[in-house]
Amino acid sequence: MPVSDPQMTPETPAPVDTPLQDLPAALEAVLMVVDEPVTPQELAEGLGAPVDAVESCLANLSATYTAQGRGFDLRSVAGAWRMYSRPEHADAVERFLIGGRQARLTQAALETLAVIAYRQPISRGRVAAVRGVNVDGVVRTLTARGLIAEVGSEPSGAVLYGTTHQFLERMGLDDLSGLPDLAPFLPDAGDLEEIASGIGLKQQPPAPDDTTQQTQESEQA
């Protein structure tokens, strides 16, 4: 019985290259089933095609859909490509989506998301210092929606949060530099530290005991 060489491993089948004439259709098929935007490099690797050919084909497909007035668009957001419905048909899409019953972010969630977007990485305590309310529940909601994620921690152990690729996609941004310049209107890091410390030290004054109360009543008498 032959003994196999332990250093030998089964060969991984080489990916089948997609003929260039079939590349547009292959890209359309893949882009119709992806759950999130994909980069030209990922598409090229999966389809066995040159990256420059994939990039050129994506741009041509996008231009073709626009020229034909299709209800969908192929766009690049943050360096990755995906199919989107066109903004001019947003009303039709909204009417179709369960009569507008699709869950939307509350005002509290939008405010919290804005603070995180402009001051990331930031802890929940510092977000609460800016908003003046507890944000634990809102942070859990934003995390569950995939709009923010844990990106690190402070020396104290507090978890730091930042926005995700999905946030950029929803906002139609390539990167965070595309955000409107609102940061100057938010407290800086030093102010947040001071506010957060003040909140942590603030305590209700202890109720006076019987002796103290009797003394005060005697003085008033």
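The structure holds 6 salt bridges, a salt bridge being a side-chain nitrogen of Lys or Arg within 4 Å of a carboxyl oxygen of Asp or Glu. The model is a predicted one, in which local features need pLDDT of at least 70 and side-chain atom pairs count only at pLDDT 80 or more, while totals for chains, interfaces and linings use all residues. Residues are numbered from 1 along each chain as its sequence is written, and side-chain values use heavy atoms, with hydrogens and water left out.

The side chain of Asp73 forms a salt bridge with that of Arg75, at 3.9 Å from N to O. Asp73 is buried, its relative accessible area being 10%, whereas Arg75 is partly exposed at 29%; here buried means under 20% relative accessible area, exposed over 50%, and partly exposed in between (1.4 Å probe, protein chains only). Asp73 also pairs with Arg86, with an N to O distance of 3.7 Å. Strand S1 (residues 72–77) contains Asp73, and the loop between strand S2 (80–85) and helix H4 (90–96) contains Arg86, so this pair ties together parts that are 13 residues apart in sequence. Helices (H or I, at least four residues) and strands (E, at least two) are DSSP runs, numbered from the N terminus. Arg86 is buried, with a relative accessible area of 10%.

Another salt bridge links two helices. The side chains of Asp136 and Arg124 meet at 3.8 Å, again N to O. Asp136 belongs to helix H7 (residues 136–144) and Arg124 to helix H6 (residues 124–131), so the contact ties together parts that are 12 residues apart in sequence. Both partners are partly exposed: Asp136 has a relative accessible area of 28%, and Arg124 one of 33%.

Of its 221 residues, 25% are buried. Among contacts (heavy atoms within 4.5 Å) with a separation of 6 or more, 51% come from residues 24 or more positions apart. The chain exposes about 15,000 Å², of which carbon and sulfur atoms supply 54%; accessible areas come from the Shrake-Rupley method with a 1.4 Å probe, and for residues only the protein chains shown count as cover.
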